[in-house]
Structure formats: C-alpha cells, structure tokens
Amino acid sequence: MVGVAHVWNSTANDATETYVSRLAVVPEQRGRGLAQALLVAAFAAGRERGATSSSLSTDSRTGALGLYERVGMRPDSTWLHRAVALTGPTDG
C-alpha cells in the first residue's frame, strides 16, 4: 500500500457531504499525483452516494493546501491554533 484516504458521507438538514478525515501517501511515493487521484476518486464515490459537497480540515503548515486547491477545493474558514506551555507546582 502506498496511499490511503479515510472518507465518509454524512447527512444533515437533507444535504449529504463527503468528508475526508485522513489522506496519506508514503514519503517515497509523493509527488506522483497519488494523493490527488485518491481525492478525485473519493469525491466521485461520494457523489455516487448522493453527496453534493465535499470538505476536509487541514493544517496549512503541512503544505497540502495547494493539493486541495488543485482538485477544486477552496478554504471557507480559517482557524488559528494557539498553545501555551503551563507549568505547575513542583514537588519539593
């Protein structure tokens, strides 16, 4: 196996959407269009099962945004993740 897409359809308010939960290609096989082919196939399978839209969530630091845009996706929201390290009292 060189790549995988974990995808499902969900229905809410009489609309069905294909959601891509995970998409991965082994590093040695990247750059060959496999992820794009997996997405195109996933979206087609979703449409065959009644989906009228597709979505996913990604971290823009992965560099995958261009891939999603090449298959016709576009951002519809942006989230900012902030974190701070908390330190607690030490035993002493």
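This briefing describes the fold, the strand pairing and a few individual residues of the protein shown above. The model is a predicted one. The protein has two helices and three strands, and these elements follow one another along the sequence in the pattern β-β-α-β-α. Its radius of gyration is 17 Å, well over the 12 Å that the globule rule gives for 92 residues, so the protein is more spread out than a compact globule.

**Overall dimensions and surface**

- Taken along the principal axes, the box filled by the C-alpha atoms of the protein is roughly 65 × 40 × 25 Å.
- Of the 92 residues in the protein, 16% are buried, and the accessible surface comes to about 7500 Å², with 51% of that area belonging to carbon and sulfur atoms.
- When contacts between residues at least 6 apart in sequence are considered, 50% of them join residues that are at least 24 apart.
- The protein carries 9 positive and 8 negative side chains, and the centres of these two sets lie 7 Å apart.

**Strand pairing**

- Strand 1, which covers residues 3–12, pairs with strand 2, which covers residues 15–25, in the antiparallel sense and over 10 bridges.
- Strand 2 also pairs with strand 3, made up of residues 53–56, but here the sense is parallel and the pairing runs over four bridges.

**The hairpin loop**

- The hairpin formed by strand 1 and strand 2 has two residues between the strands, and both asparagine 13 and aspartate 14 are found in this loop.

**Leucine 39 in helix 1**

- Leucine 39 is placed in helix 1, which spans residues 34–48, and its relative accessibility of 0% is under the 20% cut-off, so it counts as buried.
- Leaving aside residues up to four places away in sequence, leucine 39 touches Val20, Leu23, Leu56, Leu67, Tyr68 and Val71.
- Among these contacts of leucine 39, Val20 and Leu23 fall within the residue range of strand 2, Leu56 falls within that of strand 3, and Leu67 and Tyr68 fall within that of helix 2.
- Leucine 39 and alanine 5 are 34 residues apart along the chain, while their C-alpha atoms are separated by 7.4 Å; alanine 5 lies within the residue range of strand 1.

**Arginine 70 in helix 2**

- Arginine 70 is found in helix 2, which spans residues 65–70, and this residue is exposed, with a relative accessible area of 56%.
- The C-alpha atoms of arginine 70 and alanine 51 are 20 Å apart in space, and the two residues are 19 apart in sequence.

Notes: Residues are numbered from 1 along each chain as its sequence is written. This is a predicted model: local features need pLDDT of at least 70, side-chain atom pairs count only at pLDDT 80 or more; totals for chains, interfaces and linings use all residues. Side-chain values use heavy atoms; hydrogens and water are left out. The radius of gyration is taken over C-alpha atoms; the globule rule is 2.2 Å times the number of residues to the power 0.38. Buried means under 20% relative accessible area, exposed over 50%, partly exposed in between (1.4 Å probe, protein chains only). Contact means heavy atoms within 4.5 Å. Accessible areas come from the Shrake-Rupley method with a 1.4 Å probe; for residues, only the protein chains shown count as cover. Lys and Arg count as positive and Asp and Glu as negative; His and the chain ends are not counted. The place of a charge is taken as NZ of Lys, CZ of Arg, CG of Asp or CD of Glu. Two strands pair if DSSP finds at least two bridges between them.
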